[in-house]
Amino acid sequence: MTLLDNILFIGKGITLTMELMFGGMLMGLILGTVLAIGKYKGWLVILINQTISIIRGTPMILQLSFFYFAIPNALNIKLSILSAGIITLGLNSSAYIAEILRAGIESLPKGQFEAAQTLQIPTWLMWKDIILPQVIRNVFPALTNEMITLLKDTALISTLGGMDLMRRAQSVAAEQFTYFAPICIAASYYYVLILLIEYVVQKIEQRGEYAQTS
């Protein structure tokens, strides 16, 4: 295989890598929001804190093995590599996103909540239309960092045989008995993807600042 063939072969792993990142981020945002609100409201605080502590206190590779090998074996079910990866990345990310959003919620003036209660705005509308949009805007840089971290963590799926960027690079390296070039190619893909994320986020932030000033 020529260098171009290697670049194209490894590049095909972008599809799985992006599916894992977006799937994990979406799941992390949903669960993280629920955990953050629950913690702020005082619902099942001990359980939520313990869950977050366990997720943040154990290696992701262990969590990935747990959801791909242990759980399916115990329940006699079969999970695809993609499903196990999204579940693991989503749960892991939710613990960090929950703390990010909780800090964002607590940074808002208490008057926001009091005004919504005075106007008798339904609770779910208050969170959806008033509180969470402000929180997301305030913690957007932190969420961006979490997305970038998640993108890099998708490389762990290669340990299960998922043909992502990292696994394809390892495959080329093992076949051709050369590791430097394939690993550099994979690293270049990850770096370009991160640059694209940062570029898109920068444009979103610029549009948000323009909308506020206009």
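Okay, a charge sits over a ring if NZ of Lys or CZ of Arg is within 6 Å of the ring centre and within 35 degrees of the ring normal. Here, Arg168 does that: its charged end sits over the ring of Phe9, 4.7 Å from the centre.

Quick background: this is a predicted model, where local features need pLDDT of at least 70, side-chain atom pairs count only at pLDDT 80 or more, and totals for chains, interfaces and linings use all residues. Residues are numbered from 1 along each chain as its sequence is written, and side-chain values use heavy atoms, leaving out hydrogens and water.

Now, rings with rings. Rings of Phe, Tyr and Trp (its six-membered ring) pair if their centres lie within 6.5 Å; planes under 30 degrees apart are stacked, over 60 edge-to-face, the rest tilted. The whole structure has five aromatic pairs. One of them is Phe66 with Phe67, edge-to-face, at 5.5 Å between centres and 85 degrees between planes.

So are those two buried or exposed? Buried means under 20% relative accessible area, exposed over 50%, partly exposed in between, using a 1.4 Å probe and protein chains only. Phe67 is buried at 19%, while Phe66 is partly exposed at 40%.

Then there's Phe113 and Trp127: centres 5.8 Å apart and planes at 65 degrees, so that's edge-to-face. Phe113 is in helix 6 (residues 110–118) and Trp127 in helix 7 (residues 123–138), so the pair ties together parts 14 residues apart in sequence. Helices, by the way, are DSSP runs of H or I, at least four residues, numbered from the N terminus.

Methods
Helix = DSSP H or I, 4+ residues; strand = E, 2+ residues; numbered from the N terminus.
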